[in-house]
Amino acid sequence: MQEEEIIAGLRGQDRKTVEYLYEKYSRALFAVICRIISDQDIAEEVFHDAFIKITRKINSYDESKGRLYTWMANICRNSAIDKLRSKEISQSGKTNTIDDFVYGLESQSGTQEHVDGIGVRELMSQLNEDQKFIIEYIYFKGYTHSEISEEFDIPLGTVKSRVRAALQVLKKNIDSI
Amino acid sequence: MNIQDYIESGKLELFLLGELGEREREEVLTLAKTYPEIQQELEALEEAMFAFDQATGKNPSQEIKKKIFASLEDEFKPEQPTSKESPTPSSGAAPSETKVVKISPWKSFAIAASLVAILTSAAAIYFAGKFYDTEEKFVALLQDQQVMADNLNQVKLQYEETDSRLDRLVAGEFKRVEMKGESFPMQKDAKVDVFWDSNAQEVFVAVNRLNSLSAEFDYQLWAIGKDGPVGIGLVNPGEKFTLQQMQAVAEAGAFAITIEPKGGSKSPTLDKLVVLGEVVA
């Protein structure tokens, strides 16, 4: 199904299209949420709400403002961040040192399962320390670039270029996993 | 402007992460329309992000999928009849068959979904009721606990007071003066003890038997010395067999209790004398 067909089907409230959307994107969208929320049950709850929001808000989606996946991923990402902040676990999360976090990656249940095994660890190992740090904070902890800049005293421009560099590396290596 | 520099700036990534403000978003969109390189880069980056998400993720559980589709069930449009029915059924058996087909599954799903909804609401109401019950009980328990804590505090204070009085009683040189009501008309069987340490000038009263009074009267204790009776405090008839401390007295030949108007009087009302006891030298 082409993107236009999916969008048209979603707007027509067509069951088959929603099923197709689910098959194609649920894994990736769920991953976006799981990076930010480590608790499996809460992550699924957020995913449930976010997916329903996607199908209901499809009429407010504007193709000229970005592609479908980006729009959906942002809904999931924002829902997860909202949940995280509403639970007030973000505060404790954000005071963790990087070491705690990297160490936490190994030990926290849930995160390890999908970080391990699929070769993402190898993928992440392609990044240098700075890039890894940025990816961990933006992808795994739900920070915005300006929050990183403020909290770790890194100039905004540097944060931006590191995000860029990290994603370039991931882009190049994504096919190898 | 240099397209490559713009691409390198990292703005496109932030655009995809939803982190740009309205103005910068518009800027990226406009430029993407103008410069195909930027559009291509955006698409490639989105592909990479999707691939990254797909690779790092795991599938959500089957239960959550069921839940999502159950939640959406009512919103799906019934499917268009796609089968091209033959316009002229050749045999008479067809109509009854088509009827069976027409009770399409979405109806039973809808019924099932509304049943689930009704059951869920009932359960929600039931549990809400339970919750409020439990909360009320909890609040009541908290109040009980507060009352008990207050009582305990009072008892503790009383105990400490009594303990310190007992200490003083044991340590001091107290004389016991028995006051009796036998020779007076008021309360024949009244009996109150005074404990007096003339050196320390301390006086305690212990009620043994004393009738209670109506609210407008008090018992008043008098120390009778050379200068006549001196009021040294009000006696509480309710506090039996405990030591009630009175005002200091240095010199007295006898102690007596009279009934006085609430708050006590300057001089005793002698016709309401209840008990009297002389100090044994």
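This is a predicted model: local features need pLDDT of at least 70, side-chain atom pairs count only at pLDDT 80 or more; totals for chains, interfaces and linings use all residues.

Student: Are H2(A) and H3(A) roughly parallel, roughly perpendicular or oblique?

Tutor: Their axes lie 10 Å apart and the packing angle is about 135 degrees. Roughly perpendicular stops at 115 and roughly antiparallel needs over 145, so an angle between those falls into the remaining class. The crossing is right-handed. So H2(A) relative to H3(A) is oblique.

Student: What does the secondary structure of chain A come to?

Tutor: Reading along the sequence, the pattern is α-α-α-α-α-α-α-α-α-α-α. Of the 177 residues in chain A, 32% are buried. The total is 11 helices and zero strands.

Student: And what share of the contacts in chain B with a separation of 6 or more comes from residues 24 or more positions apart?

Tutor: Chain B has seven helices and eight strands, and buried residues are 21% of its 281 residues. For chain A, the share of contacts from residues 24 or more positions apart is 64%. For chain B, that share is 62%.

Student: Is A:Gly12 buried, partly exposed or exposed?

Tutor: A:Gly12 sits in the loop between H1 (3-11) and H2 (15-36) of chain A. Its C-alpha is 9.9 Å from that of A:Asn59, 47 residues apart along the chain. With 13 inside 10 Å, A:Gly12 is partly exposed.

Student: Which helix gives the most to the side of chain B that touches chain A?

Tutor: The contact takes 37 residues from chain B and 45 residues from chain A. On the chain B side, H2 (11-16), H4 and H5 (62-72) each supply at least two residues. The top contributor, with 11 residues, is H4(B).

Student: By class, what does the side of chain B that touches chain A have?

Tutor: Remember that chain B puts 37 residues into the contact. Split by class, they are 16 nonpolar, nine polar and 12 charged.

Student: How far does H4 of chain B reach from its first C-alpha to its last?

Tutor: H4(B) covers residues 36-56, which is 21 residues. Its buried residues include B:Leu42, B:Leu45 and B:Phe52.

Student: Where is B:Gln201, and is it buried or exposed?

Tutor: B:Gln201 is in the loop between E2 (191-197) and E3 (202-209) of chain B. Its phi is near 60 degrees, positive in a residue other than glycine. With 12 other C-beta atoms within 10 Å, B:Gln201 is exposed.

Student: What about B:Phe241: what is its phi?

Tutor: B:Phe241 lies in the loop between E5 (228-235) and E6 (243-246) of chain B. With 8 C-beta neighbours inside 10 Å, B:Phe241 counts as exposed. Although B:Phe241 is not a glycine, its phi is positive, at about 55 degrees.

Key. Residues are numbered from 1 along each chain as its sequence is written. Chains are lettered from A and ligands numbered from 1 in the order in which they are written. Helices (H or I, at least four residues) and strands (E, at least two) are DSSP runs, numbered from the N terminus. The expected span of a helix is 1.5 Å times one less than its number of residues. A residue is buried if 20 or more other C-beta atoms lie within 10 Å of its own, exposed if 12 or fewer, and partly exposed in between; C-beta atoms are placed from the backbone. Two residues are in contact if their C-beta atoms, placed from the backbone, lie within 7 Å. Ala, Val, Leu, Ile, Met, Phe, Trp, Tyr, Cys and Pro count as nonpolar, Asp, Glu, Lys and Arg as charged, and the others, Gly among them, as polar. Axes are lines fitted to C-alpha atoms, for helices over the stretch in contact, and angles run from 0 to 180 degrees between N-to-C directions. Angles under 35 degrees count as roughly parallel, over 145 as roughly antiparallel, 65 to 115 as roughly perpendicular and the rest as oblique. A crossing is left-handed if the near helix is turned anticlockwise from the far one by less than a right angle, and right-handed if clockwise.
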